[in-house]
Amino acid sequence: MELNTIKCMDCLEYLKTLPDNSVDLVVTDPPYNVSQKANIKYGNLNIVKNFGEWDFGFDPEPVMAELKRVLKPKGQIFVFCSTEQIPQYMAIFKQNWFFRNLLVWCKTNPAPRLSKTNFVFANEYILYAINDPETKPGQVTFNFQGHKEMHNTLITSALQGKERLRDENHKAVHPTQKPLSILRKLIEIASNRGDIVLDPFMGVGSTAVACKETGRNFLGCDLDKIYHAISLKRI
Ligand SMILES: C[S@@+](CC[C@H](N)C(=O)[O-])C[C@H]1O[C@@H](n2cnc3c(N)ncnc32)[C@H](O)[C@@H]1O
């Protein structure tokens, strides 16, 4: 297993190269299947609704089966997901994982609802589980950070400022880049320094950067050549 590298390949092909029971923690942000075919123009604003082909028709089942195989029995997983994916992931977790919690990432600066015909989507979700359903809660790595820090609501802005990677035209290079503050927190709670953290949907490498910053080993992949090249440069 080549640690501290990101491969440019399909996640299922990549996961097949990893041995059973070899990973301590999975922190991953798979496609949400929320893209629409066309972006929306609103005055001067161009609102990105189509993230790319990768955000259509993603099926979590085969990936979750492989993640279960490569995780150690007492290994843990955090999976980011959209509202509509929650039942699908819950069905998988209830089958043969030990489901632990649903974290809500509450964004203080969500994209506006231009149509004004529904509530503004301000939340994303992170499902948290332990691999082996027979595990007792006290048997896994869980670095409790103090009651105020351990709410299952994580409140931050969606990425802006210097952390948001932009091209020469000031356009965000990845439509769904995740904040390092959230990734670091999940990694610090559910793993120890030197542990191996896997993300098979690396995008522009946010999980890898969070691992470097917290002294964990990382490994993972992304299918997209441009995101992959940016992730290598970033780490
Ligand atoms: C939600 S984004 C992850 C963004 C990442 N958390 C970040 O901060 O940059 C999902 C990523 O999965 C990648 N992807 C989609 N299908 C894939 C597949 N079958 N194998 C590997 N990567 C895939 C996409 O290219 C995209 O970058």
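View 1. Buried residues make up 33% of the 235 residues in the chain; here a residue is buried if 20 or more other C-beta atoms lie within 10 Å of its own, exposed if 12 or fewer, and partly exposed in between, with C-beta atoms placed from the backbone. Keep in mind that this is a predicted model: local features need pLDDT of at least 70, side-chain atom pairs count only at pLDDT 80 or more, and totals for chains, interfaces and linings use all residues. Residue numbers start from 1 along each chain as its sequence is written. Along the principal axes, the C-alpha atoms fill a box of roughly 55 × 35 × 35 Å. Of the contacts with a separation of 6 or more, 69% join residues 24 or more positions apart, a contact being two C-beta atoms, placed from the backbone, within 7 Å.

View 2. The chain has six helices and ten strands, which are DSSP runs numbered from the N terminus (helices H or I, at least four residues; strands E, at least two). Eight strands form an open sheet in the order 1-10-9-2-5-7-6-8, with mixed pairing; two strands pair if DSSP finds at least two bridges between them. Strand 1 (5-7) and strand 8 (153-156) sit at the edges with a single partner strand each, so one side of each has no neighbour in the sheet. From one strand to the next, the twist averages 20 degrees.

**View 3. Strand 2 and its partners.** Strand 2 (residues 23-28) runs parallel to strand 5 (residues 71-81) over five bridges: Val23 stands opposite Leu71, and Val27 has Phe78 as its bridge partner. Strand 2 also pairs in the parallel sense with strand 9, over two bridges, and there Leu25 has Val197 as its bridge partner.

**View 4. Helix 3 over the sheet.** Helix 3 (residues 86-96) lies across strand 5, strand 6 (98-107) and strand 7 (123-130), running at about 5 degrees to strand 7. Axes are lines fitted to C-alpha atoms, for helices over the stretch in contact, and angles run from 0 to 180 degrees between N-to-C directions.

**View 5. Helix 5 and its cover.** In helix 5 (residues 206-214), the buried residues are Ser206, Thr207, Ala208, Ala210 and Cys211. Their cover includes strand 1, strand 2, helix 4 (180-190), strand 9 (196-199), strand 10 (217-221) and helix 6 (225-234). After helix 5 comes Gly215, with a positive phi near 75 degrees.

**View 6. Two asparagines with positive phi.** Asn21 is not a glycine, yet has a positive phi of about 50 degrees; Asn21 sits in the loop between helix 1 (11-16) and strand 2. With 13 other C-beta atoms within 10 Å, Asn21 is partly exposed. Asn33 has a positive phi near 55 degrees and belongs to the loop between strand 2 and strand 3 (40-42). Asn33 also counts as partly exposed, with 18 C-beta neighbours inside 10 Å.

**View 7. The shell around the ligand.** The ligand is surrounded by 18 residues, and the closest are Cys11, Asp29, Trp54, Gly203 and Ser206; being near means that the C-beta atom, placed from the backbone, lies within 6 Å. The shell divides into eight nonpolar, five polar and five charged residues. Nonpolar here covers Ala, Val, Leu, Ile, Met, Phe, Trp, Tyr, Cys and Pro, charged covers Asp, Glu, Lys and Arg, and the others, Gly among them, are polar.
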